[in-house]
Amino acid sequence: MDWLGAAWQDITTPQPVPSSTVVLLTAAAVLLILVVPAAWHVARHGLTIVHEAAHAGVAVLVGRRLSGIRVHSDTSGLTVSVGRPRGPGMVATAAAGYTGPALLGVGAAWLLSRGYAVALLWALLVVLVLVLVQIRNWYGLWSVLVTGALLVGVTVWGSATVQSVAAYAVTWFLLLGAPRAVLEMQTERRRSRRRGVSDTSDAGLLGRLTHLPGAVWVAILLLVCVAALALGAAWLIGLQV
């Protein structure tokens with residue numbers, strides 16, 4: 001009980017916001033991860049977990065029955081839900097994957113701007129636990145457990161400075177990684193067209209559901225992610241929004 005009380009106090013007590021230099025250096029480190037192919041491939045699994053969690057969360061909210069989540073070694077993922085094959089609920093579920101990390105990043109930036117780094121880390125742990133119970137393949141289980149172990153280590157045993165830097169790094173990764181993932185999807189769509197392969201991307205699915213071209217959905221998803229990046233970055237670096 002003493003441990004729970006201490007944890008709750010940490011969660012509900014604002015921590016000092018780091019200097020702008022620390023915030024910008026963290027952003028630069030995340031940008032480096034995004035541009036180095038080997039680092040991006042490893043870190044991309046974290047974005048995939050959030051992507052699939054967003055699909056799953058919205059599916060449940062719109063009344064679909066969740067069947068499971070898979071995360072694959074090539075950083076792709078799959079969330080299976082049962083319900084109406086068309087309609088607003090299915091469109092919202094399909095659109096949630098690429099916008100989910102960006103919107104989570106905005107929420108995280110808002111928390112950090114008010115000093116709640118520890119609260120953010122605990123919230124991310126809750127998301128991982130919810131994903132864990134829905135994982136249906138061994139590689140996905142391993143990915144979530146490794147990610148969770150790292151997050152637990154920082155959240156439970158990390159110093160205040162480590163917790164703050166980790167929280168900012170995760171937030172920058174969500175905000176910066178989300179638009180990159182959309183652009184990556186568009187690149188894969190072009191490759192699929194050249195090979196004459198059916199478009200199985202989220203944008204392709206949204207196009208079939210709404211009769212809008214997949215490219216329009218790519219633009220919409222990218223616009224949401226870029227807007228989230230702008231708003232989240234403003235909060236992180238202390239601009240008045």
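Which side chain meets that of Arg 189 in a salt bridge? Select Arg 189 and Asp 199: their side chains meet in a salt bridge, at 2.8 Å from N to O. The model on screen is a predicted one.

**Stop 1: Arg 189 and Asp 199**

Colour helix H7, residues 160–195. Arg 189 sits in helix H7, while Asp 199 is in the loop between H7 and helix H8 (202–210). Ten residues separate the two, and the pair links distant parts of the chain. Arg 189 has a relative accessible area of 8% and is buried. Asp 199 is buried as well, with a relative accessible area of 19%; the cut-off for buried is under 20%.

**Stop 2: the other salt bridges**

The structure holds three salt bridges. For another of them, select Glu 184 and Arg 44, whose closest N and O atoms are 3.1 Å apart. Glu 184 is partly exposed, at 26% relative accessible area, whereas Arg 44 is buried, at 8%.

Next, select Glu 188 and Arg 191. Their salt bridge brings the closest N and O atoms to 2.6 Å. Both residues lie in helix H7, three residues apart, which is about one turn of the helix. Glu 188 is partly exposed, with a relative accessible area of 36%, and Arg 191 is also partly exposed, with 37%.

**Stop 3: the aromatic pairs**

How many aromatic pairs does a search of the whole structure find? The search finds two. For one of them, select Trp 40 and Phe 173. The ring centres are 6.2 Å apart and the planes stand at 55°, so the pair is tilted; planes over 60 degrees apart would count as edge-to-face.

Tyr 139 has 28% relative accessibility and counts as partly exposed.

**Stop 4: Gln 163**

Return to helix H7 and select Gln 163. Is Gln 163 buried or exposed? Gln 163 is buried, with a relative accessible area of 11%. Its side chain reaches the backbone oxygen of Thr 155 at 2.9 Å. Show the residues around Gln 163: not counting those up to four places away in sequence, Gln 163 touches Ala 117, Val 118, Leu 121, Val 154, Thr 155 and Gly 158.

**Stop 5: the nonpolar core**

In soluble globular proteins, nonpolar side chains tend to be buried together. The largest nonpolar core in this model has 54 residues. Select Leu 112, Val 131, Trp 172, Val 182, Met 185, Leu 206 and Leu 236, the residues with the most contacts inside this core. Helix H7 supplies the largest share of the core, eleven residues.

End on Leu 236. Leaving aside neighbours within four places in sequence, Leu 236 is in contact with Val 23, Ala 109, Leu 112, Tyr 168, Thr 171, Trp 172 and Leu 175.

Notes
Residues numbered from 1 in each chain as written. Predicted model: local features only at pLDDT ≥ 70, side-chain atom pairs only at ≥ 80, totals over all residues. Heavy atoms only, no water. Phe/Tyr/Trp six-rings, centres within 6.5 Å; stacked < 30°, edge-to-face > 60°. Helix = DSSP H or I, 4+ residues; strand = E, 2+ residues; numbered from the N terminus. Buried < 20%, exposed > 50% of the residue type's maximum accessible area, 1.4 Å probe, protein only. Polar contact = N/O pair within 3.5 Å; in protein donor to acceptor, adjacent residues only side chain to side chain. Contact = heavy atoms within 4.5 Å. Core = buried A, V, L, I, M, F, W, Y, C linked by side-chain atoms within 4.5 Å. Salt bridge = Lys/Arg side-chain N within 4 Å of Asp/Glu carboxyl O.
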